[in-house]
Amino acid sequence: MLPSAPRDPEAVKGVMFGLTAYTMWGCFPLFFALFDGVPAFEILIHRILWSCLFLVGLISVLRRWPPVVAALVQPKRLGRVLACALLIAFNWGIYIYAVENKQVLQASLGYFLTPLVNVALGMLVLREVMAKLQLVALGLASLAIAIQFIMLGELPWISLLLALSFGSYGLFRKQVPLDGLSGLFVETLLLFPLALMALTWMSWQGESHFLHDVPMSALLVVSGVLTALPLMAFAGAARRLRLATLGFLMYINPSIQFFIALTVFGEPLGIIQLATFLMIWTGLALYSWSSWQSRPRQAAA
């Protein structure tokens, strides 16, 4: 009997980092549900401000300033970074709104849809040639959305906006030569003045919740820290794992959100919604299988 191949310790670390990142993202509804009575816009402002300040310290400790400085001294590249910043801020805002309004099922559906939106954007914008199974997967997702619109009389607009904004963010992000940590810092840095002005205006109007309640103020600060931590774990996973492996781990996030919506928040799941989820899950299975089949084969030893 041949001895089993030894495990690659770096790959094991990568899986652990990936599990940490996607589990943290999946549990975000539990955190943002704590902001009872605080508008989504105000939470978004603080998420931008405190994540930026936290990243200043983190990048200083890790001595990662050279790529940040290189990006800031090239104004032509900052246009794409600003587009990324606006898209991710919009995505964050819609997500927080979804949690506050007990629409976590729609949020999870949005992140299940994101890989298929990436396929569509690659085909439409980058003129990429899609595999047949990927096209079938995209068709199933489109049919599921159409069924929700026809049978329920409304579009799952939260799901669509989350998927489109995050998919578009990924499209622009590919064109920015920055690692995840540096990229997030530059994005939040570009948004920092706008967020600071918005916070100043809210405080002037007496509408800010910050510093009026110690526990709530602490949560607002922590929201920035929690923005950066899973990204750091994800960066550690991305350096050690193949894209196909990362792709499979990605479904942990919306799966956790799906079960939180049902078991913790008690959101109703109708027959039509369940049917559309099943169609999208089938599409994702086809998409994942196609991605796995097209992965680069390792040369035989």
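Me: Which cysteine has the sulfur closest to that of Cys-52, and how far away is it?
Reply: This is a predicted model, where local features need pLDDT of at least 70, side-chain atom pairs count only at pLDDT 80 or more, and totals for chains, interfaces and linings use all residues. Residues are numbered from 1 along each chain as its sequence is written, and side-chain values use heavy atoms, with hydrogens and water left out. A disulfide needs two cysteine sulfur atoms within 2.5 Å. The closest sulfur to that of Cys-52 is too far for a bond: it belongs to Cys-84, at 16 Å.

Me: Is Cys-52 buried or exposed?
Reply: Buried means under 20% relative accessible area, exposed over 50%, and partly exposed in between (1.4 Å probe, protein chains only). Cys-52 has 2% relative accessibility, so Cys-52 is buried.

Me: How many disulfides does a search of the whole structure find?
Reply: A disulfide is a covalent bond between the sulfur atoms of two cysteines. The search covers the whole structure.

Me: What type of aromatic pair do Tyr-22 and Phe-234 form?
Reply: Rings of Phe, Tyr and Trp (its six-membered ring) pair if their centres lie within 6.5 Å; planes under 30 degrees apart are stacked, over 60 edge-to-face, the rest tilted. The count by this rule is 20 aromatic pairs. For Tyr-22 and Phe-234, the centres are 6.1 Å apart and the planes at 80°, which makes the pair edge-to-face.

Me: How many residues apart in sequence are the parts that Tyr-22 and Phe-234 tie together?
Reply: Helices are DSSP runs (H or I, at least four residues), numbered from the N terminus. Tyr-22 sits in helix α1 (residues 9–26) and Phe-234 in helix α10 (residues 214–240). Tyr-22 is buried at 6%, while Phe-234 is partly exposed at 26%. The pair therefore joins parts separated in sequence by 212 residues.

Me: Why is the pair of Phe-258 and Trp-281 edge-to-face?
Reply: The ring centres of Phe-258 and Trp-281 are 5.3 Å apart. Phe-258 is buried at 6%, and Trp-281 is partly exposed at 27%. The pair is edge-to-face because the planes lie at 75°.

Me: Which residue lies over the face of Trp-92?
Reply: A charge sits over a ring if NZ of Lys or CZ of Arg is within 6 Å of the ring centre and within 35 degrees of the ring normal. Here the distance from the ring centre is 4.3 Å, and the residue is Arg-47.

Note on methods
Helix = DSSP H or I, 4+ residues; strand = E, 2+ residues; numbered from the N terminus.
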